Amino acid sequence: MKSTLLKLFFFFLFTSQIQAQELLPFVENYSKSDFQGDNQVWNVAQGKDNAMYFANNHYLLRYDGVIWEKYTLPNKTIIRSILIEDDKIYSGSYKEFGYWYRKDGKMHYVSITKNLRLFAEKDNEEIWKIFRFNGSLYFQSFNDVFIYDGKTIQKIKFSSLISYCFPVDKNLYVASVKDGIFKMNGKKIANPKGWGILKNTVVHAIEKYKDETYIFTQKKGVFVVQSNGLKPWDNPLNETLKSTTINVARFIKGNKLVIGTGNKGVFILDLKSNLFKNIDRNNVLMNNSILSIGFDKEDDLWLGLDNGIAHIEVNSPISIFYDNTGILGSVYSVANTKDGYLIASNHGIFEFGTGKFKMMPNTQGQGWNITKIGDKFIIGHNDGTFSYDNGSLTKISTVSGGWNLSKSTINNTYFQSTYSGILVYDDLSDLSKYKTIKGLTKPIKYVAQNKKNEIWAADNYRGLYHVLLDDNYNTKKVENVTQQSKIKNDFGIKIFEFRKEILFLINNSWYTYNSISNKLEKNELFNANFKNVSDVVAIDEDHFMVLQNGILYHIYASGNKFVWNIIQEKYYKGKLINENLRIFKNQNHYLLNLDDGFISLQLKYINKQHKTLRVEAFSEGTLVTDNSKIKFNKELKVNVISGIYGASKPNLFYKLNKSKDFVPISDGVILLNNLSSGYHSVVIYKHDGASYEKVADFDFKVAQPWYFSLWMILLYLIGIAGILFFYYKWNKLRYTQKLKLQAEELKHQREILEMELKTENELNIQEYEKHILELELQTKSSEVAGKSLSIAKQSEMIDNIQNILNTEKDFSKLKSEIKKAIKINEVNKHEWEIFETNLNQIHNEFIINLTKKFPNLTPKDIKLCVYLKMNLSSKEIAPMMNISFRGVELHRYRLRKKLDLTQDENLSKFLLSL
């Protein structure tokens, strides 16, 4: 009882809190942090270059789908209005108007009013609107209008304060705050008849639609111009608008009216059905105050907000249900009902109808799947299975966890995969009667059947089972075919039925079953066409959806050919529920669940991706043109600009320098760093999921590093030359110093050598003199010896003779005694031989030198030379040679001849010099 009361309490709590949400066009909000500008956006327009331009207070904003740029006027004043014609972006501001143009990747401003003195000092005018009328440009402030024909400017001053001027067909209306609307004809203005109701009223828009003119006032709603005056717009929305403060209004393609308000966001009215959508802060819009409306070439909306910018894809084939409250939770399945939607989320089962969502009673908890069988909706839930029929909910099964419900391709039997096995519904008239397949009590995620008495079951975790049954659905055999086929990675298997054929998606590869080998085999058709697919969901026989590398593709099968249509990631980025993608088809639309709502897509949606691209590259903030050069080690930012902001924006990849891998382009920007010097090429491809198509390329060159530049090479050469020069100089200096040192050393060595030589010479001279002295001494000794011998003999002979004379008286005897004494005192032969031998030994060197120089000398000649060298006289030599004095003189004469001496040369001196 307490449990039931608690559930009822939560039920009423949820139903009282959840207000109606609805399918809305996709909205992209851009805050100040995105474009780094000011709050208010006063004007929005798309340029010829497909970029969007915004008057954002002090800034002119530019957005090309890739990067935001902002620019200020030279006088730094607030920009209130812009108008784009051709390549010029006209802007109006405080006491100033002119135009911008783009060059070298930057916007440049040219003032039209400079030095013209159009504004008086006391004027406090701002240009709030720019428009073309009758071939001239009109720049309008609250008190004046300036008409510019391209050469001259005409100023017209209004008599009272105005809000805006509105050109409609060939008429120009001026909205005065106090006096109502005037019709302007040249300088003349007049109130149209029957328009007095607009006095003291601010008019913010006058638009024409199907030959009728609509006037949008700030607080009195909308009026339609009649032939006799004005009448209030006959539409239920008009009363609502009176309390919202209309700021801007435009009729757009598709018979729609867009009205921007000051406090209730934007209203988009379908003029055919009279149904409207209100987009504001309660659902997805960032700010409720709409200041301006613009359009792009895709006919989608751009809103200038009081704080930010919004892009609304009103013409996109995709609509989105947003749940910003979080009460609904993550949506696991959604289905169209007669009165709205039926939603299974992780919070329970919700019904949408009559503008509100309510939780179905006793359904709190995880809802898994919704399948329509006839007029009933079968809902798989954590607590069992429910049947929903015309607002009534009935529990038909208590088996927990109805993950999926699939229909057999051979009959009307349905198989439900649950936490604990498989349930069979073969009696559609009474779905409360079901059967359980016994023998397979595993958590089964997917079931399929294309042959009688056999089914395929994919385990929630891993494994694929081939189950053979009898006619009463009793299990006969269960085979784990992934094990039989030796497939190791068999986690999270998907079962996909395509034209009555069952395929298995296992680890990004496609398999079919070969009944002959009882094994799985790879399917050539699908593996060739659907690579890197992680999930697949069937829509109908010819349509299905795949998830490839995080991107969803809507596939249309025509025979064996497949047409790919990308669903842009921005619609579901970070919102897909992995392993639980579910689609519910309703006529020409289908619904896809998200973790905060769901998406509605057109079944015959064809996304013709835009192929025309523009490439803008920047390095160090400077535009880099194709085939130009950038500095080394500098980042290159390549912006790939499609000019498309909606659903047909291309899915782009690139290759650098013919690399093998295709690299996805994130947010339209390619950042290249650490590039080597030389030529590089970036090739950009459009990818439709199946193939890559080249759509653009960009070539550039990276300069040599600064240290390899021409000037640096010249500097290096100069440096090397300088080093070599200084090295040469240094070596030369060292060589010179070395030579100097060597010279000094040689000089020193020479001095030492000279000293040594001098000393040696002195020693040699001394030795020589000593030797000469020794020779002289020897000679003298010889002479003394010879003379001594001679004297001794003579003295002895004289003494003997004296004694004989003294003793002998007899003369004859005296004579014989004297002869005898003389004979006795003669030197005997032996004594002479000894004397000569000694003499030769003493003068041996002299004799050798003499015989070498004069080999023709006889022994007597040599003996005479020795006696002469001994400085003996001829008289002294005669007895020693035993010849007479005259014989010595004659011998001397002959010796001179042999020695080739001249008459003037002294023989003794000559012999002494040898």
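Tutor: What follows begins with one methionine and its loop, and then turns to the chain and to two further loops. Please bear in mind that this is a predicted model.

Let us begin with M870. This residue is found in the loop that joins helix 10, residues 859-869, to helix 11, residues 874-881. Is M870 buried or exposed? Its relative accessibility is 0%, and because buried means under 20% relative accessible area, M870 counts as buried. C865 has a relative accessibility of 0% as well, so this cysteine is also counted as buried.

How far is M870 from G260? Along the chain, 610 residues separate the two, and their C-alpha atoms lie 156 Å apart. The dimensions of the chain give this distance a setting. Along the principal axes, the C-alpha atoms fill a box of roughly 220 × 100 × 55 Å. The radius of gyration is 65 Å, whereas a compact globule of 914 residues would have one near 29 Å.

The chain contains 13 helices and 66 strands. Of its 914 residues, 48% are buried, M870 being one of the buried residues. Another is C165, with a relative accessible area of 1%. As for cysteine pairs, the count of disulfides comes to zero. Among contacts between residues at least 6 apart in sequence, 47% join residues at least 24 apart.

K486 is placed in the loop between helix 4, residues 481-484, and strand 47, residues 494-498. With a relative accessible area of 71%, K486 is exposed, whereas M870 is buried. The phi angle of K486 is near 55°, a positive value in a residue other than glycine. Most residues other than glycine have a negative phi. N674 also has a phi near 55°. This asparagine belongs to the loop between strand 64, residues 669-672, and strand 65, residues 678-687. Its relative accessible area is 70%, and N674 is therefore exposed, the cut-off being over 50%.

Finally, consider the surface and the charges. The chain exposes about 47,900 Å², of which carbon and sulfur atoms supply 51%. There are 120 positive and 98 negative side chains, and the centres of these two sets lie 4 Å apart.

Notes. Residues numbered from 1 in each chain as written. Predicted model: local features only at pLDDT ≥ 70, side-chain atom pairs only at ≥ 80, totals over all residues. Heavy atoms only, no water. Helix = DSSP H or I, 4+ residues; strand = E, 2+ residues; numbered from the N terminus. Rg over C-alpha atoms; globule rule 2.2 N^0.38 Å. Buried < 20%, exposed > 50% of the residue type's maximum accessible area, 1.4 Å probe, protein only. Contact = heavy atoms within 4.5 Å. Areas by Shrake-Rupley, 256 points an atom, 1.4 Å probe, with all protein chains shown as cover. Lys, Arg positive; Asp, Glu negative; His and termini not counted. Charge placed at Lys NZ, Arg CZ, Asp CG, Glu CD. Disulfide = S-S within 2.5 Å.
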